[in-house]
Amino acid sequence: LASFCKPSSNFSLRLRRNLSDKTAVKHLNLSSSIQPFIMGSTEAKSNLGDEVQVDTTHISSSFTKYEELLRELYYISNKKRGLQNMIELYDALDKPLDSPKISIVHVAGTNGKGSVTLKIARSLEKHHKVGMLVSPHISSFRERISINGTLISEQEVETYLPQVIDLCNKHNIPATFFEIATGLAFLYFAKQGVDVVVLETGLGGRLDATNVVNHPYNPHLCIVTSIGLEHTAILGNTVELIGAEKAGVIKKNASVLVGPNVPHDVIRKVAIEMEAEGYYTADDVLGPTNYDGDGVGHEQISQVVNGMEYVDYDVENSRTARAAIRLLQTKRKNNITFPSIKLSDSDVSAGVCQRPQCRFETVMTGRGEDVHVILDIAHNPPAMITLVAKLEATYPNKHKRYVVGFSADKDIAQIGKLLLSFVPSPSNIHLVEAVNLRAAKIC
């Protein structure tokens, strides 16, 4: 989050904590015995996906059924077992997405995968019933699961989440938070009769919970948006190793689409080994950067604003999404063609111009033009470099303050060095700690 104001301004910004629905709001009003836990006490484990189980039986029971279910979900402390938990849960759910009536697009990558997922879903939903699974959420758990832009309702969570949890208990599946949330999404999409599902991986690809759909018909398309150094303790400490892990979403007969910033040799090798239908870049599908093959011009990915050049990844993500739609419209697999809806270019353009929240999002503060607040989820070195470059190009000669908070598993040291190299003084950086068990501690 970056804010800009005149140096002489009496600057103050009321931060909204990263709360999870009304459950977290009520947490802040609980007894002091649990507040340190919620606020991120030393008891909280910093390992990715680890959570601490606490006795909450003494807490007021004034929660709705939806809130109680989320509390149960958030306090799960099970460990990930590769794909084993999810394979067992997917089988217990009767493989809900294994249907020739459902077309699946699977999106992995270091940066851009959430944006590309949204842009594809928005483009298709004018003529399709499109389920979308993304993570993490910003302020509501329900953001993770939606159909045609409508979030799963609290009542639907109350209906389907207990079914997933009951199956885990019945079959002794020690599923994690993310695995149960993924199972909920799969069950919900099947029950609602979607005909397209766009899945964003959580972490990696090969062992990600979303990577259990492997049907002769699906996935139709596998996408790797970009590869950079993140989660190196889990995915590997080189771009090549991380690329191989994320390419683990590639399946036999699927079309493979990649962004420009990937180790092509590594991912192409995986595509060949998996007998993918083909390996494509956006240029292969759409033609040169500023030409899409239909005579429609597009912005250059490299932008110049106020005399400064930077790479606009939203343009790159839009182009990847546009190429994905083209592949879905034209490619056949096992004699099954993606539902033959002829989307107009204006339909696709309207979809790919959409952005998820907190991607260089401007928030109106009501304090006039002197203060601009920009929200962004940049959380690794490549994304931070891009964010700062775009900020400098878009708001040159502006006094800037950076309000910064990260999860503990991020490369905070490297990101901190990058920020310090850009700001005129460390006093321009303000550190915050989220109400989240994974949050990095300020001290």
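A salt bridge is a side-chain nitrogen of Lys or Arg within 4 Å of a carboxyl oxygen of Asp or Glu. Keep that in mind for the opening stop. The model on screen is predicted.

**Stop 1: a salt-bridge network**

Select Lys-119, Asp-314 and Arg-355. Salt bridges link these three residues in a network. The structure holds 15 salt bridges.

Zoom in on Arg-355 and Asp-314. Their closest N and O atoms are 3.0 Å apart, and the two form a salt bridge. Asp-314 sits in helix 12 (residues 313–330), while Arg-355 sits in the loop between helix 13 (345–352) and strand 14 (361–363), so the pair ties together parts that are 41 residues apart in sequence.

Is Asp-314 buried or exposed? Asp-314 is buried, at 16% relative accessible area. Arg-355 counts as partly exposed, at 32%.

**Stop 2: helix 5 against helix 13**

Now show helix 5 (residues 113–124) together with helix 13. The two helices pack at an angle of about 145°, and their axes are 7 Å apart. Their crossing is right-handed.

Which residues of helix 5 meet helix 13? Select Lys-119, Arg-122 and Ser-123. Across from them, in helix 13, are Asp-347, Val-348, Gly-351 and Val-352. Colour this contact by class: two residues are nonpolar, two are polar and three are charged.

**Stop 3: helix 3 against helix 6**

Move to helix 3 (residues 65–74) and helix 6 (residues 154–170). Here the packing angle is about 40°, with the axes 9 Å apart. That angle makes helix 3 oblique to helix 6. The crossing of helix 3 and helix 6 is left-handed.

Select the helix 3 side of the contact: Lys-65, Tyr-66, Leu-69, Glu-72 and Leu-73.

How many of the 10 residues of helix 3 are buried? Seven are, so helix 3 is largely enclosed by the rest of the structure. The buried residues are Tyr-66, Glu-67, Leu-69, Leu-70, Arg-71, Leu-73 and Tyr-74.

**Stop 4: a buried threonine**

Select Thr-182, in helix 7 (residues 177–191). This residue is buried, with a relative accessible area of 1%.

What is Thr-182 in contact with, leaving aside its neighbours within four places in sequence? Show Met-86, Leu-133, Ala-209 and Thr-210.

**Stop 5**

Jump to helix 10 (residues 264–273) and select Asp-265 and Arg-268. They form a salt bridge, with 3.9 Å between the closest N and O atoms. Both residues lie in helix 10, three residues apart, or about one turn of the helix. An α-helix has 3.6 residues a turn, so residues three or four places apart point the same way.

Asp-265 counts as exposed, at 64% relative accessibility. Arg-268 is partly exposed, with a relative accessible area of 34%.

**Stop 6: Lys-400 and Glu-392**

Finish with Lys-400 and Glu-392. This pair forms a salt bridge too, and the closest N and O atoms are 3.6 Å apart. Which residues here are buried or partly exposed? Lys-400 counts as buried, at 7% relative accessibility. Glu-392 is partly exposed, with a relative accessible area of 22%.

Technical notes
Residues are numbered from 1 along each chain as its sequence is written. This is a predicted model: local features need pLDDT of at least 70, side-chain atom pairs count only at pLDDT 80 or more; totals for chains, interfaces and linings use all residues. Side-chain values use heavy atoms; hydrogens and water are left out. Axes are lines fitted to C-alpha atoms, for helices over the stretch in contact, and angles run from 0 to 180 degrees between N-to-C directions. Helices (H or I, at least four residues) and strands (E, at least two) are DSSP runs, numbered from the N terminus. Angles under 35 degrees count as roughly parallel, over 145 as roughly antiparallel, 65 to 115 as roughly perpendicular and the rest as oblique. A crossing is left-handed if the near helix is turned anticlockwise from the far one by less than a right angle, and right-handed if clockwise. Contact means heavy atoms within 4.5 Å. Buried means under 20% relative accessible area, exposed over 50%, partly exposed in between (1.4 Å probe, protein chains only). Ala, Val, Leu, Ile, Met, Phe, Trp, Tyr, Cys and Pro count as nonpolar, Asp, Glu, Lys and Arg as charged, and the others, Gly among them, as polar.
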